[in-house]
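Q: I have a model open and want to learn how to read it. Can we go through it feature by feature?

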Amino acid sequence: MNIGQARQWARGLLDEPTDADYLLSAVLNKPRSFLFAFDDVVLSQEQELQFKDAVERRVTGEPVAYITGVKEFWSLPLYVSPATLIPRPETELLVETVLEKVNIEKASICDLGTGTGAVALAIGHEKPNWDVVGVDRITQAVMVASQNAANLAITNVDFLQSDWFSSLTGKKFDAIVTNPPYVESDSKYLAEGDVRFEPESALCAGYDGLDDIRIIIECAGTHLNHGGWLMIEHGFDQHQNVAALLRNADFVDIAAIEDLNLYQRVTIA
Ligand code: GLN
């Protein structure tokens, strides 16, 4: 079968036609543009088997990123494993926010619950003079994130195992950023799509989705330099609750940051 036939076959089985191209380009180890330009190139027997296996996995609902092992974030190709949440494009808002608000030549930044390292690595990539540390409770995530730093040759970002601040005693930062779990544990959202395959511990945070954010807000103050920022990604309807928690913990300059759809997806303080 050639590339054109392979794409056509897979498109007939998949809900999302572009999934076929992501899977095929991963099997061939070529950019997607190659598929359009060379549709008469014939797949080897091994490539054909690999592609059929990938499509079958996708048909069962497995996320494309777990099949290919890659997801792009902030234009950086990141290695992902089922131990980590798949980076979401909307989380780039968190990166944009820190780049806009922190105007220090040599800032120190902490990314809590770093997963693949996406947020920490994007910041480190943009600001080579800054020191960034990304922490995660899950050892496998720390390994994935460290692998990504090595693959991308980003040297100003370190990763370590830590249950929120547990390994950061005495450390202070100019900004603490986090995309923590914030989904309500009984949310219907968890029953469909990619989230069914992602670690529950990266998604869910108690009945109101705020369990982890409460812990972070309670502990963050002692880890911020004077004038430092705490920046939290959360659900589109959680800003008011997060702001109330921040006020209770004596944070000031609390503000919502809106995404392009005008949803308040990040709160800073
Ligand atoms: N933003 C993620 C989602 O939409 C939720 C991840 C999280 O809880 N941080 O699935």
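Q: In which sense do strand E1 and strand E2 pair, and over how many bridges?
A: First, a caution: this is a predicted model. Strand E1 (residues 70-73) and strand E2 (residues 76-79) pair in the antiparallel sense, over 4 bridges.

Q: Which residue in E2 is the bridge partner of phenylalanine 73?
A: Look across to leucine 76 in E2, the bridge partner of phenylalanine 73.

Q: How many residues lie between E1 and E2 in the hairpin?
A: The hairpin has 2 residues between E1 and E2. Check tryptophan 74 in the turn: its phi is positive, about 55°.

Q: What is the order of the strands in the open sheet?
A: Read the 7 strands across as E5-E4-E3-E6-E7-E9-E8. The pairing is mixed. Strand E5 (157-161) and strand E8 (255-258) are the edge strands, and each pairs on one side only. On average, neighbouring strands of this sheet are turned by 20° against each other, direction ignored.

Q: Parallel or antiparallel: in which sense do E4 and E5 pair?
A: Strand E4 (residues 131-136) pairs with E5 in the parallel sense, over 5 bridges.

Q: Now helix pairs. What describes two packed helices?
A: Two things: the angle between their axes and the distance between the axes. Take helix H10 (residues 211-220) and helix H11 (residues 239-248): their axes come within 9 Å and cross at roughly 30°. Angles under 35 degrees count as roughly parallel, so H10 is roughly parallel to H11. The crossing of H10 and H11 is right-handed.

Q: Which residues in H10 and H11 meet?
A: Ile213, Arg214 and Ile217 in H10 meet Val242, Leu245 and Leu246 in H11. By class, that contact has 5 nonpolar residues, no polar ones and 1 charged.

Q: At what angle do the axes of H6 and H7 cross?
A: The axes of helix H6 (residues 92-101) and helix H7 (residues 118-126) cross at roughly 40° and come within 10 Å. H6 and H7 are therefore oblique to each other. H6 passes H7 in a right-handed crossing. From H6, Leu94, Val95, Val98 and Leu99 meet Val119, Ala122, Ile123 and Glu126 in H7. The contact of H6 with H7 divides into 7 nonpolar residues, no polar and 1 charged.

Q: How do the axes of H2 and H4 cross, and at what angle?
A: Helix H2 (residues 17-28) and helix H4 (residues 45-59) have axes that cross at roughly 145° and come within 9 Å. H2 passes H4 in a right-handed crossing. Residues in this contact include Leu23 and Val27 in H2, and Phe51 and Arg58 in H4. Its classes are 7 nonpolar, 2 polar and 2 charged.

Q: Last, the ligand. Which residues surround it?
A: Leu85, Arg88, Asn179, Pro180, Pro181, Tyr182, Val183, Val195 and Leu203 surround the ligand. This shell divides into 7 nonpolar residues, 1 polar and 1 charged.

How values were computed: Residues are numbered from 1 along each chain as its sequence is written. This is a predicted model: local features need pLDDT of at least 70, side-chain atom pairs count only at pLDDT 80 or more; totals for chains, interfaces and linings use all residues. A residue is near a molecule or strand if its C-beta atom, placed from the backbone, lies within 6 Å of it. Ala, Val, Leu, Ile, Met, Phe, Trp, Tyr, Cys and Pro count as nonpolar, Asp, Glu, Lys and Arg as charged, and the others, Gly among them, as polar. Axes are lines fitted to C-alpha atoms, for helices over the stretch in contact, and angles run from 0 to 180 degrees between N-to-C directions. Angles under 35 degrees count as roughly parallel, over 145 as roughly antiparallel, 65 to 115 as roughly perpendicular and the rest as oblique. A crossing is left-handed if the near helix is turned anticlockwise from the far one by less than a right angle, and right-handed if clockwise. Two residues are in contact if their C-beta atoms, placed from the backbone, lie within 7 Å. Two strands pair if DSSP finds at least two bridges between them.
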